[in-house]
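This report sets out selected geometric features of a single protein chain. The sequence and structure are shown first.

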Amino acid sequence: MEKPRELWMDAAKGLSIIFVVMGHSGDGAANLYLSWFRMPLFFLLSGMVFKPVDPGRYLGWAAKRTRGLMTPYFAYGLLLTVILLVTNLNLKLFAENIARLLYGGLSLTGPYGVFWFITCLLVTQLLFGYILRFSLRTQITIITACYLLAHLISLTFLRTYNLPWNMDVSLLALTYYAIGYYGKKTIPRLIASSAALPLLLVLSSGLFWLQGAGVISYSLNLKYKEYDALVLDLLIPVVISLTICAAVYLLSKRLPRPMSSLGNLGRNTITIMYLHLPVNYALKHLFGVDYGLVPFTLLGVGLPLLVAAGVGRFPLLSKLYLGHNGGRRPAVSYGKPASARPGLTGRE
């Protein structure tokens, strides 16, 4: 019997992708505070559903994982590149965009701005999957060393180096991913506690207050390696991520129907991740206006969802752009074993 889906996890992913879109709207305050936790939350949630890899099957698993993440990466990337070529007929720019897609990292700007996350996630998963073959003590030692090395890079001239696929950022992301993996049993128990949310809200509010009062001056930007606070880079993202998880968990239990819509959003993060910037860039260019946070977020979430619904009708396009085979997929039912829901796999 496979484990059924958890509504709160899908809803948390849905909320995370909304935060990503909001952070890219150009609103300075939104970007500052949301950057504290939006990417760490994604890594933490991804770590919670990670399944250990048999060392003897690692290479096959790594190839499959790479194919699964990089197929949509190049599908969306090439689509955008071709559209840009058609609109400006600049072959030099076309070649440069192809090179940027292949190299990744800090080279990815403009409509490609969020593509870095996918390659960073892939490197993080491959690294973590390999580390798990060792003893727990060795795992913790390696992850701690990676966390320290990430901060050493951020604090030195090495920060300016543009490594392919943001590989060096994975050194930090590995910690958030590992917290999710090691806490896959503890975190659900923690956030289900009646005392968890009030306590976490107090802690998170205190962190925001300290920032507003000037007691701390915190910022976090994974893509550009802006993480220079050794303790706070662990404390702040994790505390706020757990606060969000606890709030979503409570709402999922009390308001399951409305939260199911957020859960549906969480199952379509890939399209929103790739398209929210190109969609908004195109609309701003077309209409010549620079709209604010709310329109940017609504358009950046809503239009990609419509695209996903349309693409989902075609198996080939679904495989390329959505990461599944498309067709008529049964609606997800939460809280029941997969065996009681014919046609569902129960996969996270």
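The sections below cover the basis of the model, its annotated domain, salt bridges, helix packing and individual residues.

## Basis of the model

The model is predicted: local features require pLDDT of at least 70 and side-chain atom pairs count only at pLDDT 80 or more, whereas totals for chains, interfaces and linings use all residues. Residues are numbered from 1 along each chain as its sequence is written, and side-chain values use heavy atoms, with hydrogens and water left out.

## Annotated domain

The UniProt record, an unreviewed entry, places the feature "domain: Acyltransferase" at residues 7–309; positions from UniProt are given in the numbering used here, feature names are shortened, and annotations may be inferred rather than shown by experiment. Over residues 7–309 the chain is 73% helix and 0% strand. Helices (H or I, at least four residues) and strands (E, at least two) are DSSP runs, numbered from the N terminus.

## Salt bridges

The structure contains five salt bridges, a salt bridge being a side-chain nitrogen of Lys or Arg within 4 Å of a carboxyl oxygen of Asp or Glu. One of them joins the side chains of Arg100 and Glu96, with an N to O distance of 3.8 Å. Both residues belong to helix α5 (residues 91–103), and because they are four residues apart there, about one helical turn separates them. An α-helix has 3.6 residues a turn, so residues three or four places apart point the same way. Arg100 is partly exposed at 26% relative accessible area, and Glu96 is partly exposed at 31%; buried means under 20% relative accessible area, exposed over 50%, and partly exposed in between (1.4 Å probe, protein chains only).

Two further salt bridges connect loops. Glu226 pairs with Arg159, their closest N and O atoms being 3.6 Å apart. Glu226 lies in the loop between α10 (196–212) and α11 (232–254), and Arg159 in the loop between α7 (136–154) and α8 (170–182), so this pair ties together parts that are 67 residues apart in sequence. Glu226 is partly exposed at 31%, as is Arg159 at 30%. Lys225 and Asp168 form a salt bridge with an N to O distance of 2.9 Å. This pair links distant parts of the chain, 57 residues apart, with Lys225 in the loop between α10 and α11 and Asp168 in the loop between α7 and α8. Lys225 is buried at 1% relative accessibility, and Asp168 is buried at 5%.

## Helix packing and burial

The axes of α7 and α8 come within 7 Å and cross at roughly 145°. Axes are lines fitted to C-alpha atoms, for helices over the stretch in contact, and angles run from 0 to 180 degrees between N-to-C directions. The contact (heavy atoms within 4.5 Å) involves residues of α7 including Leu136, Ile140, Ile143 and Tyr147, and residues of α8 including Leu171, Leu174 and Tyr182. By class, the contact comprises 13 nonpolar, three polar and no charged residues. Here Ala, Val, Leu, Ile, Met, Phe, Trp, Tyr, Cys and Pro count as nonpolar, Asp, Glu, Lys and Arg as charged, and the others, Gly among them, as polar.

Helix α3 (residues 38–48) is mostly covered, with eleven of its eleven residues buried. Among them are Arg38, Phe42, Phe43 and Gly47.

## Backbone angles in loops

Most residues other than glycine have a negative phi, and most peptide bonds are trans. Asn166 has a positive phi, near 55°. Asn166 is located in the loop between α7 and α8 and is buried, with a relative accessible area of 1%. Lys225 likewise has a positive phi, near 55°.

## Selected positions and distances

Val307 lies in helix α14 (residues 293–311) and is partly exposed at 36% relative accessible area. Leaving aside neighbours within four places in sequence, Val307 is in contact with Thr271 and Leu275. The C-alpha atoms of Val307 and Leu132 are separated by 38 Å, with the two residues 175 apart along the chain.

Thr186 belongs to helix α9 (residues 186–192) and is partly exposed at 45%. Thr186 and Gly312 are 126 residues apart in sequence, and their C-alpha atoms are 35 Å apart in space.
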